[in-house]
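This note gathers points for a colleague who is reading the coordinates alongside the sequence.

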Amino acid sequence: MTTDLHSVNISKEALFDMILAGLEAYSIKHDGQDIVAIETFAHMWGRVNKNLPFKCYVDHLTPETSATRTRGSVAAFEISLELKKDIAAVFGKGFEYIGTMHSHPYLKIEEEEGIVYEYDAKSIRKKKFYQCSDGDHESEFTSSTVTVGKREYSVAIILTVHAMDRARDELDGVIDEQVFEFSLGNLKMWLFAQVFEHVHNDDLTDQDAFEFGKFKLDINEFEDEFTFPIPVSTQLNCEALGTSGFLFEGFGRLKISDKDSLYTNKRQAEKRFWHNI
């Protein structure tokens, strides 16, 4: 496994598509469901550097409208990716397959199997709910990979969404090299990137085994696998978020519960003083 810092670069256009897909799934009922705040899923396309360390540029996003989506999981059809890969090949350079993006939606109060969970921006930030879950990590075993030299990689982007009681953006910015925190109105979001290097079973080092446990998976439970997706050091770059992100941008307010949501547009909802000078 290489130890250099790998980078994922998100274009303004791709970020726009990610936010649209994530907030639509969060705010609007889908597929005949009686709940809101479900996950969404998309494939990413763009350019990949031909030399190590791994460096990719995400320029396009294609949401999977056929995916099976719930609040806690999302599953896409392999036939959809195969079809889109062939379409991308027709378009040629600049449309290489890079990896996947999905969302983590959090309400203020959620109930699962009779247990009530409460979330706020502070707890999401403290417990790092914006990063890969163990299930997200496990799904990388079967993810399509990108080849750079003789090494295989896959890329996962996660957009976490949470509607706060009121707009608060004082902590917006870079959390660490993998995460941006930003806000639109009372909607708090985190953008997280993770590159995985797929290492053959025979080539695993002790350090690889240690890194594998980053998202709470036990490597000993996967001893029959031929390759392992090892999380590697990742730098997320997104010029559109930059140093100030969306600070001082006007936006509406979303009021949301388990089964309903109400959005009030910017003109009616924005009361912060710098929008009324």
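1. The lining of the second largest cavity is made up of five nonpolar, two polar and four charged residues; here Ala, Val, Leu, Ile, Met, Phe, Trp, Tyr, Cys and Pro count as nonpolar, Asp, Glu, Lys and Arg as charged, and the others, Gly among them, as polar. Residues lining this second largest cavity include Arg168, Asp169, Glu249 and Arg272, and the space in it is about 50 Å³. A cavity is defined on a 1 Å grid over the protein atoms alone, as a set of points where a 1.4 Å probe fits but cannot get out; lining residues have an atom within 4 Å of a point. Grid points are joined across faces, edges and corners, and a volume is the space filled by probe spheres set on the points.

2. As to the basis of these values, the model is predicted, and local features need pLDDT of at least 70, side-chain atom pairs count only at pLDDT 80 or more, and totals for chains, interfaces and linings use all residues. Residues are numbered from 1 along each chain as its sequence is written, and side-chain values use heavy atoms, with hydrogens and water left out.

3. The count of cavities of 30 Å³ or more is two. The largest cavity holds about 60 Å³, and its lining has four nonpolar, five polar and two charged residues. Strand E12 (residues 179–184) gives the largest share of that lining, three residues. Among the residues lining the largest cavity are Asp172, Phe180, Glu181, Phe182 and Leu247. Helices (H or I, at least four residues) and strands (E, at least two) are DSSP runs, numbered from the N terminus.

4. The largest pocket contains about 1,100 Å³ of space. A pocket, unlike a cavity, is an open set of points with protein on both sides within 12 Å along at least five of seven lines. Its lining comprises 41 residues, of which Glu39, Gly72, His102, Ser133 and Asp136 are the closest to the centre. By class, the lining of the largest pocket has 16 nonpolar, 15 polar and 10 charged residues. Which strand supplies the largest share of this lining? That share, eight residues, is from E6. Elements that each contribute at least two residues include strand E6 (96–106), helix H2 (78–91), helix H4 (134–139) and E10.

5. There are 16 aromatic pairs in the structure; rings of Phe, Tyr and Trp (its six-membered ring) pair if their centres lie within 6.5 Å, and planes under 30 degrees apart count as stacked, over 60 as edge-to-face and the rest as tilted. The pair of Phe54 and Tyr153 is tilted, because the ring centres are 4.9 Å apart and the planes are at 35°. Phe54 sits in the loop between strand E2 (41–48) and strand E3 (55–63), while Tyr153 belongs to strand E10 (residues 151–163), so this pair ties together parts that are 99 residues apart in sequence. Both Phe54 and Tyr153 are buried, a term for under 20% relative accessible area; exposed is over 50% and partly exposed lies in between (1.4 Å probe, protein chains only).

6. Phe212 and Phe222 make an edge-to-face pair, 5.9 Å centre to centre with 70° between the planes. Phe212 is in helix H5 (residues 206–212), and Phe222 is in the loop between H5 and strand E14 (227–232), 10 residues apart. Phe212 is buried at 0% relative accessibility, and Phe222 is buried with a relative accessible area of 10%. Phe141, Phe212, Phe222 and Phe228 belong to one aromatic cluster.

7. Helix H2 deserves a separate look. Its 14 residues reach 20 Å from first C-alpha to last, close to the 20 Å expected at 1.5 Å a residue, where the expected span is 1.5 Å times one less than the number of residues. Which residues of H2 are buried? Ser80, Leu81, Lys84 and Ala88 are buried. They cover an arc of only 90° around the axis, so they lie on the same side of H2; the arc is that of the directions from the helix axis to the C-beta atoms. Ile79, Leu83, Asp86, Ala89 and Val90 are exposed on the other side of H2.

8. Leu52 and Pro53 are joined by a cis peptide bond, with omega about 0°, and Pro53 lies in the loop between E2 and E3. Ala37, a residue other than glycine, has a positive phi near 60°; Ala37 is in the loop between helix H1 (12–27) and E2 and is buried, with a relative accessible area of 0%. Lys216, also a residue other than glycine, has a positive phi near 75°. Lys216 lies in the loop between H5 and E14 and is exposed, with a relative accessible area of 71%.
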